[in-house]
Amino acid sequence: MGENPNLVTIDPNGDMLIKLKYRSTAQSKWKNESESVEDWIAQAEAAKAVIENETARPEQKPAEVHYLVSSRQLRIVSPYFEKMFKRNYDETVPNSEDGLYHVRAQQWNPHALAIMLNIAHLQFAAIPKELSVRLFVALFLVADYYQMEDALRLFTKEWQEQLQEQPMPTLYSEESMLWMFLGVKLKEGEIFESMASLAMREACHPIQFLDLPFPRGEKGVGQLDSMRCKAIQALLAGTHKLNQDLYEGNAGCNDACSAMMLGFLQRSLWDTKLLSHIEKHDQHPFEGLSFDVIYRGINNVVYDQSYGIIIQAGCCQIRDLLYPICEKAEAHFELDFSSF
Ligand SMILES: [Zn+2]
């Protein structure tokens with residue numbers, strides 16, 4: 001029964017078989033950024049049901065590829081394999097039928113694993129000249145797990161140059177997060193900062209790191225989520241405070257002036273459905289709300305006022321009162337790449 005797994009010969013004189021099982025239709029971890037919390041939860045549940053269904057149907061067998069490699073070579077390049085042999089795991093007893101060491105592997109991209117193993121064996125001719133962004137990321141995932149990143153880095157220069165020539169994503173998406181991951185791994189500050197900025201400004205929910213092995217914690221990408229929340233809070237709280245000041249006549253040069261600015265602000269916040277949000281300016285993690293949506297809504301007020309009315313010389317412009325709020329909020333996005 002069953003088909004024979006594909007055999008990829010990395011080293012013809014190899015003494016080890018790496019047996020990879022993987023699903024070619026792996027479920028993407030990305031959830032569409034919906035502004036509705038209910039949609040978001042429904043998507044997460046649908047994705048979970050698909051994964052549970054897959055495991056519940058044994059007839060949908062995963063594909064299998066075997067790689068013939070040299071255990072000695074892998075022990076030199078990878079502390080992971082060195083440790084395996086030092087500690088005499090089951091894998092370090094040769095198989096009774098073929099005399100090879102058998103090591104199981106799961107879930108890796110099969111091309112990425114082949115490239116990484118070719119790098120470990122210095123099989124230069126088998127290492128591709130060009131890589132897609134997705135495959136580049138998959139390669140780092142394999143290298144991260146098997147602790148072969150030092151070896152991988154000897155070969156990344158050319159692929160890194162190709163990456164720099166490609167247009168960067170312009171929207172927060174699964175693709176932009178893959179780029180951000182490469183930005184961190186390749187120490188490309190500009191790529192990292194652009195992609196991190198997209199995520200912080202456009203995410204309507206906690207940022208989706210796709211389970212990629214980013215550096216976490218205080219000195220890692222975990223801080224992007226709190227920066228997003230602080231910036232949103234600063235925009236909402238600042239606008240809320242301005243609203244109060246206009247109500248109480250503490251902003252504007254006289255009563256007519258504050259009443260007019262208050263009217264523009266309220267109507268615009270109503271139009272952009274932000275009026276209720278500024279009341280709840282401390283409700284982290286701001287599900288269903290992105291910084292950019294609020295930012296555009298607030299800047300819409302400026303547009304309305306200068307568009308529809310004769311502005312008296314010397315009187316206040318609401319733009320001048322909103323500008324410092326926006327500026328203060330955006331200051332939360334300042335990144336120090338050296339801390340990642
Ligand atoms: Zn005025």
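This is a predicted model: local features need pLDDT of at least 70, side-chain atom pairs count only at pLDDT 80 or more; totals for chains, interfaces and linings use all residues.
The protein has 14 helices and four strands. Of its 340 residues, 28% count as buried. And if you take the contacts between residues at least 6 apart in sequence, 74% of them join residues at least 24 apart.

Let's start with the sheet. The four strands make an open sheet, and the order across it is S1-S3-S2-S4, with mixed pairing. Which strands stand at the edges? That would be S1, residues 6-9, and S4, residues 101-106. Each has a single partner strand, so one side of each is left without a neighbour in the sheet. On average, neighbouring strands here are turned by 25° against each other, ignoring direction.

Now the pairings. S1 runs parallel to S3, residues 63-69, and the two share four bridges. If you want a spot to look at there, Leu7 stands opposite His66 in S3. S3 also pairs with S2, this time antiparallel, over seven bridges. In that pair, find Ile18, which faces Tyr67 of S3.

Lying across S1, S2, S3 and S4 is helix H4, residues 110-120. Its direction is about 5° from that of S3.

The largest nonpolar core has 77 residues. Which members touch the most others? Those are Leu113, Met116, Leu139, Val142, Met180, Ala199 and Leu235. This core draws at least three residues from domain 1, 6-154, and at least three from domain 2, 222-333.

Take Val142 from that list. Setting aside neighbours within four places in sequence, Val142 is in contact with Trp108, Ala112, Leu113 and Met116. Leu113 and Met116 are themselves on the list of members that touch the most others.

Next, Trp179, which is in helix H8, residues 174-185. Is Trp179 buried or exposed? Buried, because there are 22 C-beta neighbours inside 10 Å and the cut-off is 20 or more. Beyond four places in sequence, Trp179 touches Val133, Met168, Pro169, Ile191 and Met195. Look at Ile191 in particular: Trp179 and Ile191 are 12 residues apart along the chain, with 7.2 Å between their C-alpha atoms.

That brings us to helix H9, residues 189-202. H9 has 14 residues and spans 20 Å from first C-alpha to last, close to the 20 Å expected at 1.5 Å a residue.

After H10 comes Gly249, with a positive phi near 75°.

With 23 other C-beta atoms within 10 Å, Ala329 is buried. Ala329 and Gly238 are 91 residues apart in sequence, yet 8.5 Å apart in space, C-alpha to C-alpha.

As a reminder, most residues other than glycine have a negative phi, and most peptide bonds are trans. So where are the exceptions in this chain?

One of them is the bond joining His284 and Pro285, which is cis, with omega about 0°. Pro285 lies in the loop between H12, 275-279, and H13, 291-308. In that loop you also find Phe286, whose phi is positive, near 55°. Phe286 counts as buried, because it has 23 C-beta neighbours inside 10 Å.

Compare Leu122, another non-glycine with a positive phi, about 50°. Leu122 is in the loop between H4 and H5, 133-145. But Leu122 has 12 C-beta neighbours inside 10 Å, so it counts as exposed.

Definitions and conventions
Residues are numbered from 1 along each chain as its sequence is written. A nonpolar core is a set of buried Ala, Val, Leu, Ile, Met, Phe, Trp, Tyr and Cys residues joined through C-beta atoms within 7 Å. Domain bounds come from an automatic or database domain assignment. Two residues are in contact if their C-beta atoms, placed from the backbone, lie within 7 Å. Two strands pair if DSSP finds at least two bridges between them. Axes are lines fitted to C-alpha atoms, for helices over the stretch in contact, and angles run from 0 to 180 degrees between N-to-C directions. The expected span of a helix is 1.5 Å times one less than its number of residues.
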